[in-house]
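Here is a short report on one protein chain. Look through the structure, then read on.

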Amino acid sequence: GNTLLALFLFSTFFCGNAEDSNSNPAKATTEKTRTATSTDEPRPVLTVSPSWLSPGASVTLNCEVEHPSAGWSFYWYKAVPDLKTFNYKSYSYELLPDGSGTAQDSYIIHGQTHTAGYVCRAGRGDPEYHTDHSQPKFVWSADVHSAATLKVSPDSVQNSMYASVSLTCEGNFTEWRVKWFPNDGPLFYSNCGRMTGSTCNISYILKSPTAVYWCESGSGDFSNAVNITVQNNYYDPILVSPVHPVTEGASVSLSCSLRTQKILSNVFFYHNDKLIQNDPRGELKISAVSKSDEGFYKCQYSGRESAQSWMSVKGEQDQNM
């Protein structure tokens, strides 16, 4: 079972488009990816900054060609999940506003509030020659919205490599897929190997999927994203902290457990590597969360430390964004 999951994780990835290089990307606003084993077209590299959204922040896309020089034009697309084709990994590419043939190799997006995927392409010459599409890149948002929501059970951003995790997609659609992006591996985007309805069940998580997870719906929506840390050491404690952002003024509790999921007492908690209190306790309670409580948390038990996890705090004004 472990071997099969490992093979699946590292053998499933997005391949680019094998379209005719003479096709004009500005003629259609929607293009679909197809699986290709090879291509003669060079592929630009897209970078997205920031990788995690914060309220009001703009998103900057950069498209890098292999041999940069004057004369390149750039095309910018939104990647929309497409679950209808036989190739279940495919996306439709929708041209972004004013995203056809820009002279600049960067493109700024304002007002993005939810998880989204992007793609770029370049062209030059007369008649214009076009590169292949870049690999899709994503900007992630932890905020939940009604069209698509990812829920995690156990409800924690840390889990033992010996535990089972259920990822459930909820929203106004019946067809879903779960994707994840490994934090410590190549840029592979993998589908859930075991999908039961709208729930993805992962047993005995291996070292590789310490990752960002999200849902994609048949109607083209992305869910919130969750960064799940896998604790690989059998004896190390696991920090139990909220999956979703905590609203300012709300209360929150953090605790510490072993792989048995038993909540521990006599635990020290740290915020941004600073010890919060000198006396050990069973849980860390914050009665009214403020923005200053945002940051990395970890717990220590019997001299062993958990991995650290980020707790996000959003303002009350961001509730309806």
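Buried means under 20% relative accessible area, exposed means over 50%, and partly exposed lies in between (1.4 Å probe, protein chains only). This is a predicted model, where local features need a pLDDT of at least 70, side-chain atom pairs count only at pLDDT 80 or more, and totals for chains, interfaces and linings use all residues. Residues are numbered from 1 along each chain as its sequence is written, and side-chain values use heavy atoms, with hydrogens and water left out.

**Confidence**

The predictor's confidence in each residue is the pLDDT, from 0 to 100. The chain averages a pLDDT of 77, and 74% of the residues score at least 70. Over residues 1-39 the pLDDT is below 50. That stretch still has 96 contacts in the model beyond near neighbours in sequence. A contact means heavy atoms within 4.5 Å. Where pLDDT is low, the predicted coordinates should not be read in detail.

**The chain as a whole**

The secondary structure comes to 1 helix and 28 strands. These are DSSP runs, numbered from the N terminus: helices are H or I with at least four residues, strands are E with at least two. Of the 321 residues in the chain, 49% are buried. Take the contacts between residues at least 6 apart in sequence: 65% of them join residues at least 24 apart.

**A covered strand**

Which residues point which way from β13? Trp176, Val178, Trp180 and Pro182 point one way, while Arg177, Lys179 and Phe181 point the other way. β13 runs antiparallel to strand β17 (residues 211-217), and 7 bridges join them. Two strands pair if DSSP finds at least two bridges between them. Lysine 179 stands opposite tryptophan 214 in β17.

**Salt bridges**

A salt bridge is a side-chain nitrogen of Lys or Arg within 4 Å of a carboxyl oxygen of Asp or Glu. The structure holds 9 salt bridges. Among them are these:

| Pair | N to O distance |
|---|---|
| Aspartate 132 and arginine 43 | 3.2 Å |
| Lysine 151 and glutamate 170 | 3.3 Å |
| Glutamate 283 and lysine 285 | 3.3 Å |

Aspartate 132 is buried, at 1% relative accessible area. Arginine 43 is partly exposed, at 31%.

Lysine 151 sits in strand β10 (residues 148-153) and glutamate 170 in strand β12 (residues 165-171), 19 residues apart. Lysine 151 is partly exposed, with a relative accessible area of 41%. Glutamate 170 is partly exposed too, at 34%.

Glutamate 283 is partly exposed, at 32% relative accessible area. Lysine 285 counts as exposed, at 60%. Elsewhere, salt bridges that share partners join Asp273, Lys298 and Glu305 into one network.

**The largest pocket**

On a 1 Å grid over the protein atoms alone, a pocket is an open set of points with protein on both sides within 12 Å along at least five of seven lines, and lining residues have an atom within 4 Å of a point. The largest pocket has a volume of about 660 Å³, where a volume is the space filled by probe spheres set on the points. The lining has 34 residues, and the closest to the pocket centre are Trp52, Leu53, Ala142, Trp310 and Ser312. β18 (226-231), β27 (309-311) and β28 (313-314) each supply at least two lining residues.

Methods:
On a 1 Å grid over the protein atoms alone, a cavity is a set of points where a 1.4 Å probe fits but cannot get out, and a pocket is an open set with protein on both sides within 12 Å along at least five of seven lines; lining residues have an atom within 4 Å of a point.
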